[in-house]
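This report looks at the disulfides of one structure and at the parts of the chain that they join. Please keep the sequence and the 3D view at hand while reading.

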Amino acid sequence: MAHAVRGYPLALIFVIMWLLIKAKIDVCKRGDVTVKPSHVILLGSAVNISCSLKPKQGCLHYSSLNRLILYKFDRGISFHNGHSLTSQVTDLPLGTTLFVCKLSCINSDEIRICGAEISVGVAPEQPRNVSCIQKGEQGTVACTWDRGRDTHLYTEYALQLSGPKNLNWQKQCKDYYCDHLDLGINLTPESPESIFTAKVTATNSLGSSPSFPSTFTVLDIVRPLPPWDVRIEFQNASASRCSLQWRDEGRVLLNRLRYRPRNSKAWNMVTVTNAKGRHDLLDLKPFTEYEFQISSKLHLYKGSWSDWSESLRTQTPEEEPTGMLDVWYMKQHIDYNRQQISLFWKNLSVSEARGRILHYRVTLQEVTGGKAPFQNITGHTSWTWVVPRTGNWAVAVSAANSKGSSPPTRINITNLCGAGLLAPRQVSADSGGVDNIVVTWQPPRKAPSAVQEYVVEWRELRAGGDTQPPLNWLRSPPYNVSALISENIKPYICYEIRVYALSGDQGGCSSILGNSKHKAPLSGPHINAITEEKGSILISWNSIPAQEQMGCILSYRIYWKERDSNSKPQLCEIPYRVSQNSHPINSLQPRVTYVLWMTALTAAGESSQGNEREFCLPGEDTAAPGQAPDSLARS
């Protein structure tokens, strides 16, 4: 039974070799090509290539006219009439060049005689930067090196590792771009001071070059495996003190820990010695998701760090809130005896809430009275009460999570716009971009030093002057006279903006309308009624829908002209007021039928006209009994 060679039957090997020899015989049966000094040459060397015919292999009838042609790839570089030719070739490029000799006979195609490949390269450079590493105490030694420039020739690399007591290991690498080898041996750290030497030798047809020896101890090259089974324990369910635990290989002496909140790119780094798989952390923030990783090292000064362990991700426990809520309010009169107090507050930041806020506790109490306070617990960020107008009122609002409540924010309810001398002056609102409005003002007439704080408040202006939450506000120090508002700002929406100046229990305010972006309204107001009032008419209209106003309306225009007239219409322009939806006109002539319509204007231009209405103001004559008056308006 035939033996196997590297997994192939011996008979199959013989068949393959016979086919290769036969192919060579078939290609070169008419002649030979020889190369001197060698088929492998150094870059810049010359080579002599000879081509010769075998007996009786020339042209059949005119053997004296044999023409031999030498081709370099597919380009002829030399020819000669006869049975042989010799050509010297120089300046061959790096790599392999194919030369082919062909026979040319009269009235026949060229016949291939034989060919040869010439490889041009360089001797190997000295391998550099030889370094070895063993991954894990039970791993195997693997070495790497820089090969230097490409030789363009088949080059072998041999790695030799020698150690104490004449220990010697060697392994060869025959890959074309070989720059690393794993010796498959383990160096245990039991003799950490023993010296080992690694050397790499590169060899090809043009020469050989050994590296400088690289010497090291086991501690220098053993890189521990990354720590595993990383876990964390919180003592007393508190983020302020926790213990990080893990498992290491047996001889690990040094660990480094890194951790960060999941939304941060910067790591906190801690290095500890003799940690024994445990370290306490004291500076973690409550209710924060953290990422932890650990790396190991065998020696304080020698060797390299392991790769980082797989990340441990966990959220720290909650703790009692520390921040105080930002609370704002509105006070509105309902009737002679009652008033409505609406409270609003903003969510605490994550660092202030230190947990998931479950509810808010709100207390409203009359300062001077002995009545029990109004109290409520809500999950919303606003609350409204109706209380008597008599007395002074104070509120307190706090936020609660599973661990406790924040310090309460306390506010005395006052008339925010009661002090006229505290009202900010020359308030303006200009676009700061698609979703920003810049609000500016001048300090009140009262001494600016009396102002302790400015509050800028804004809310979307609804049709008919109806303003509902969401209410937005920001606080500004007394030395600022401008603010950029951007929260809940949308283009083509009009906002009512108020600037409050606060001083103790007093406040003054000024208001203005503003938008971040505007264009002409999409439609004009719809006239819903025209009525006569003592020789004049009163025009009433519906507000333009908010989505068609396209910004803050500055004014309305009422147009009228005689029916069937080509004359230019008359008009009346009315400055916009939030609650206004009617206006009188007293310049119409009696017994004349008019056509009336309206438009609206923003800073960007005028809308198209709204609906048309006809109206005829009656004369002084009274209609006969049973006869309809001429003053009927026509739609």
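## Disulfides in the model

A disulfide is taken here to be a pair of cysteine sulfur atoms within 2.5 Å. The model is a predicted one, and a search of the whole structure finds seven disulfides; the sections below describe some of them.

## Cys28 and Cys114

The sulfur atoms of Cys28 and Cys114 lie 2.0 Å apart, and the two residues form a disulfide, which is right-handed with 65° about the S-S bond. Because Cys28 sits in the loop between helix 1 (10-27) and strand 3 (31-36), while Cys114 belongs to strand 10 (residues 111-121), the pair ties together parts that are 86 residues apart in sequence. Both cysteines, Cys28 and Cys114, are buried.

## Cys59 and Cys105

Cys59 and Cys105 also form a disulfide, with 2.0 Å between their sulfur atoms, and this link is left-handed, with -95° about the S-S bond. Cys59 is found in the loop between strand 5 (47-53) and strand 6 (67-72) and Cys105 in the loop between strand 9 (95-104) and strand 10, so the pair ties together parts that are 46 residues apart in sequence. Cys59 and Cys105 are buried.

## Cys494 and Cys552

In the disulfide of Cys494 and Cys552 the sulfur atoms are 2.1 Å apart, and the link is right-handed, with 100° about the S-S bond. The pair links distant parts of the chain, 58 residues apart, with Cys494 in the loop between strand 39 (482-485) and strand 40 (495-503) and Cys552 in the loop between helix 4 (546-549) and strand 44 (555-562). Both Cys494 and Cys552 are buried.

How values were computed: Residues are numbered from 1 along each chain as its sequence is written. This is a predicted model: local features need pLDDT of at least 70, side-chain atom pairs count only at pLDDT 80 or more; totals for chains, interfaces and linings use all residues. Side-chain values use heavy atoms; hydrogens and water are left out. Helices (H or I, at least four residues) and strands (E, at least two) are DSSP runs, numbered from the N terminus. Buried means under 20% relative accessible area, exposed over 50%, partly exposed in between (1.4 Å probe, protein chains only).
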